[in-house]
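Hi,

Here is the structure I promised to pass on. My notes on the sheet, the helices and the salt bridges follow below it.

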Amino acid sequence: MREITAFSNPLVKSARNLREKRHRREQGKFLAEGLRILTEAREAGALPDQLWYAPDSARHPLVQKLIAAVEADHGDAILTNADILSKISGKDNPGAVVGVYREFDTGLERIDRTTSHLWFVAERLRDPGNLGTILRTADAVGAGGVILLDECVDPFSVEAVRASMGALFTIPVAQATWDEFEPWLRTGPGQLVGLSLDGSVDYQAPRYEAPTFLLTGNEAQGMPPHMAAACDIRVRIPMLGKADSLNAAVATAVMAYEVLNQRRASESRG
């Protein structure tokens with residue numbers, strides 16, 4: 001068993017630095033915190049290079065499974081204290097465990113569109129909470145993955161990982177520019193459906209084709225005109241109250257379930 005309780009230990013400093021994007025890029029690693037998220041990751045086949053845990057959590061059977069899996073994978077299982085866990089995670093009341101993971105390959109080339117009928121595309125998404133919710137929705141509806149365009153929030157930020165509740169480890173994520181994504185999309189099958197307040201088509205009217213790529217624009221500005229013009233369909237979700245728009249993650253979820261329901265109805269008929 002390895003034990004670290006000194007704030008001055010270089011491993012503590014290295015792990016804590018992963019809360020900042022610059023250091024994540026330099027190290028190629030990121031943080032995940034909480035027993036549920038780390039267990040989801042383990043069950044998805046992802047293990048941390050370092051597992052930090054406190055003495056009072058060491059007896060938990062799920063923590064014991066994590067320790068055993070990390071050690072079998074030649075990673076470091078490090079016993080520490082709540083103060084060190086708080087320093088690393090940035091939370092006053094940290095979870096039972098914190099993991100240091102290697103960043104995944106997020107190149108567009110890792111996406112195989114034939115593996116799913118539904119994909120999410122987000123453009124300049126800024127809120128890590130929205131990204132986490134979109135990842136959870138993608139997992140819930142069986143989407144193939146999430147493609148982040150241009151200057152989106154970092155999917156490996158502590159906040160986004162936390163908000164994903166483990167879905168970051170179960171849903172493929174790709175990052176690309178629009179100039180990379182559009183020609184890639186048009187080299188194969190794929191219907192690009194834009195969620196837009198300016199859309200003239202009610203979201204339940206079209207029959208969506210597989211694979212469907214749902215494009216959500218920036219939270220504040222929506223999608224720029226050149227992206228809107230490139231969509232095969234632009235749809236709108238009715239707003240019957242005083243609010244003029246839905247939250248980006250909520251709108252994505254509403255659209256995703258419409259596509260899923262159409263597919264279920266088609267399969268029940270066929």
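Let's start with the sheet: five strands make up an open sheet of mixed pairing, ordered E1-E4-E3-E5-E2. Strand E1 (2-3) and strand E2 (29-33) are at the edges with a single partner strand each, so one side of each has no neighbour in the sheet. A pair of strands counts as paired if DSSP finds at least two bridges between them, and the elements are DSSP runs numbered from the N terminus (helices H or I, at least four residues; strands E, at least two).

Before I go on, this is a predicted model: local features need pLDDT of at least 70, side-chain atom pairs count only at pLDDT 80 or more, and totals for chains, interfaces and linings use all residues. Residues are numbered from 1 along each chain as its sequence is written, and side-chain values use heavy atoms, with hydrogens and water left out.

E2 runs antiparallel to strand E5 (residues 97-102), and five bridges join them. In that pairing, Lys29 sits opposite Arg102 of E5.

Helix H4 (residues 61-72) packs on the sheet and touches E3, E4 and E5 (contact means heavy atoms within 4.5 Å). Its direction makes about 150 degrees with that of E3; axes are lines fitted to C-alpha atoms, for helices over the stretch in contact, and angles run from 0 to 180 degrees between N-to-C directions.

Elsewhere, the axes of helix H6 (residues 128-141) and helix H10 (residues 248-269) come within 9 Å and cross at roughly 10 degrees. H6 and H10 are therefore roughly parallel (angles under 35 degrees count as such).

On to salt bridges, meaning a side-chain nitrogen of Lys or Arg within 4 Å of a carboxyl oxygen of Asp or Glu. The count comes to 13. One of them joins Arg25 and Asp154, with the closest N and O atoms 3.6 Å apart. Arg25 is in helix H2 and Asp154 in the loop between strand E7 (146-149) and helix H7 (158-164), so the pair ties together parts 129 residues apart in sequence. Arg25 is partly exposed at 40% relative accessible area, while Asp154 counts as buried at 6% (buried is under 20%, exposed over 50%, partly exposed in between, with a 1.4 Å probe and protein chains only).

Cheers

How values were computed
Angles under 35 degrees count as roughly parallel, over 145 as roughly antiparallel, 65 to 115 as roughly perpendicular and the rest as oblique.
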